[in-house]
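Keep the sequence and the 3D view open as you go.

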Amino acid sequence: MSSENSQQTTERGRIRVTGFDVERVESRDSLSSWEPDLQAEEGRGRLDYAWMRFKRNRLALFGAAVIAVMVLLAVFSRPIQVPGGIPLLAERTIQPFSLAPADPAAQDVITGYQPPTLEHFLAWPPSGLYLFGTDWAGRDILSRVMYGGRWSLSIGFIAVAVALVVGIPLGSIAGYYGGKVDELIMRVVDMLYAFPFIVLAIAVIAVLGRGYWELILALVAVGWLPYARIIRGEILSVKENDYVTAAKALGSRDRSIITRHILPNAMAPVIVQATLSIGTTVLVAAALGFIGLGLSPASAEWGVMLNVEQDAMARGRWWAGLFPGLAIFAFVMAINLVGDGVRDAFDPQGESTDSDTGGLR
């Protein structure tokens with residue numbers, strides 16, 4: 001009796017289920033074909049789930065495909081050569097392909113302002129010449145649009161990348177430390193925000209002069225402001241979380257806390273803003289080129305092409321400016337579709353997308 005009483009005492013309050021085979025339940029197959037594999041879901045972070053939602057957005061994938069095609073056409077339009085003046089690098093060709101049907105800089109005044117025609121494109125072998133017509137100097141517009149993508153697209157991507165490098169650290173410092181540092185940085189941001197975006201860019205170009213890198217610096221001078229403000233606002237809320245307090249209690253340095261614990265959880269709005277800003281930057285660069293403050297008139301940058309041919313369009317030679325304008329429109333529209341897809345992918349409500357929507361948001 002004593003042994004039975006002791007056994008009842010030690011097992012008091014416990015529920016025992018008989019006839020339950022634990023090993024059989026753990027090794028059973030999924031209850032249905034749609035049940036998720038929990039082991040496969042382990043280790044996935046926010047970026048993985050965002051990518052899964054992005055892939056379901058057909059419009060965003062279409063925009064990404066358009067951007068990829070435009071980038072490939074720009075990169076492979078003409079061979080890329082490394083000049084011999086760069087240290088440790090000899091002059092050599094790093095990209096030998098040439099998809100453009102003609103040299104974008106080759107001039108032939110006799111064939112100036114040839115209208116678009118399929119005659120040469122349908123010939124064998126197909127040359128593609130005059131598919132978009134020629135400009136005032138007889139240069140093939142199709143080749144110039146393809147080659148000009150190097151200037152327009154690279155300005156957009158590089159300017160946004162440099163603006164991120166400037167805006168994220170300044171906004172992080174302002175949001176994390178607060179106090180006088182926050183006041184100083186944010187007052188500078190407010191002062192620059194008082195000027196219209198393009199007016200401030202024009203002022204920077206007036207000081208630095210015209211050129212490729214001067215144009216990028218002018219766009220960066222005003223492009224870092226939204227990133228600094230967005231990341232500051234995110235850090236002000238994220239830094240109050242318990243895991244940040246725990247990291248401070250464990251003696252982590254401020255730099256480690258910001259880079260390892262705060263920024264990964266505050267970067268989603270910045271990524272969305274950066275994606276949408278690429279299209280805006282390309283538009284501003286084209287606008288500056290259209291008013292004569294971009295690259296040189298001989299450049300194939302899309303805004304410069306519109307500036308050079310604006311009089312020709314007024315005289316009925318519509319093809320001279322139509323195709324550069326369509327290139328700008330196609331890229332900006334595609335980048336906006338991608339930006340909307342990225343925004344929906346990082347939106348927490350995106351996890352509840354119903355199957356009847358087909359993944360379209």
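**Exercise 1.** Which residues does Gly-138 touch, not counting residues up to four places away in sequence?

*Solution.* This is a predicted model: local features need pLDDT of at least 70, side-chain atom pairs count only at pLDDT 80 or more, and totals for chains, interfaces and linings use all residues. Residues are numbered from 1 along each chain as its sequence is written, and side-chain values use heavy atoms, with hydrogens and water left out.

- Step 1. Find Gly-138 in the loop between H6 and helix H7 (141–177). Helices (H or I, at least four residues) and strands (E, at least two) are DSSP runs, numbered from the N terminus.
- Step 2. Look for contacts, meaning heavy atoms within 4.5 Å. Gly-138 touches Ala-106, Asp-108, Thr-111 and Gly-112.
- Step 3. Check Gln-107: its C-alpha atom is 5.3 Å from that of Gly-138, at 31 residues along the chain.

**Exercise 2.** Classify the ring pair Phe-76 and Phe-97, and say which parts it ties together.

*Solution.* 

- Step 1. Apply the rule: rings of Phe, Tyr and Trp (its six-membered ring) pair if their centres lie within 6.5 Å; planes under 30 degrees apart are stacked, over 60 edge-to-face, the rest tilted. The count comes to nine aromatic pairs.
- Step 2. Phe-76 and Phe-97 are edge-to-face, at 5.9 Å centre to centre and 70 degrees between the planes.
- Step 3. Phe-76 lies in the loop between helix H5 (58–75) and strand S1 (80–82), and Phe-97 in the loop between strand S2 (92–95) and helix H6 (119–122), so the pair ties together parts 21 residues apart in sequence.
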